[in-house]
Amino acid sequence: MYVCNCNGIREREVRAAVAAGASRPSEIFKACDAKPQCARCVCDMREYLQDQREALRYAAE
């Protein structure tokens, strides 16, 4: 599934960037060698980031 249609960034690429340490949408774009264009995908990227934070929080318990 595409998260960013403008740059052709797929969900697996976003998840890989987050797993590699990206903590902001701008870092995801950088990891994917892309630049934000219309920014419609930023909300979805923030969701993936939040999911990762929650997973790490629960893993620490």
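Trainee: Which helix does D51 lie in?
Mentor: This is a predicted model, and in it D51 is part of helix α3, which covers residues 42-60.

Trainee: Is D51 buried, exposed or partly exposed?
Mentor: D51 counts as partly exposed, because its relative accessibility is 40%.

Trainee: What kind of surface patch is D51 in?
Mentor: A negative one, which D51 forms with D44, E47 and E54.

Trainee: Moving on to α1. Which residues are buried there?
Mentor: Helix α1 spans residues 11-19, and V14, A17 and V18 are buried in it. Looking down the axis of α1, these buried residues fall within an arc of 100°, so they line one face of the helix.

Trainee: And what is exposed on the other side of α1?
Mentor: R12 and A19 are exposed there.

Trainee: How many salt bridges are there?
Mentor: The count is one salt bridge. E11 pairs with R15, and their closest N and O atoms are 3.0 Å apart.

Trainee: Why can side chains like that pair?
Mentor: Side chains of opposite charge can do so when their charged atoms come close.

Trainee: Where do E11 and R15 lie?
Mentor: Both are in helix α1, four residues apart, which is about one turn of the helix.

Trainee: Why do E11 and R15 count as partly exposed?
Mentor: E11 counts as partly exposed because its relative accessibility is 22%. R15 is partly exposed because its relative accessible area is 42%.

Trainee: What follows α1?
Mentor: G21 follows α1, and its phi is positive, near 120°.

Technical notes. Residues are numbered from 1 along each chain as its sequence is written. This is a predicted model: local features need pLDDT of at least 70, side-chain atom pairs count only at pLDDT 80 or more; totals for chains, interfaces and linings use all residues. Side-chain values use heavy atoms; hydrogens and water are left out. Patches are made of residues with over 30% relative accessible area and no salt bridge: like charges are joined within 9 Å, nonpolar side chains (Val, Leu, Ile, Met, Phe, Trp, Tyr) within 5 Å. Accessible areas come from the Shrake-Rupley method with a 1.4 Å probe; for residues, only the protein chains shown count as cover. A salt bridge is a side-chain nitrogen of Lys or Arg within 4 Å of a carboxyl oxygen of Asp or Glu. Lys and Arg count as positive and Asp and Glu as negative; His and the chain ends are not counted. The place of a charge is taken as NZ of Lys, CZ of Arg, CG of Asp or CD of Glu. Helices (H or I, at least four residues) and strands (E, at least two) are DSSP runs, numbered from the N terminus. Buried means under 20% relative accessible area, exposed over 50%, partly exposed in between (1.4 Å probe, protein chains only). The arc is that of the directions from the helix axis to the C-beta atoms.
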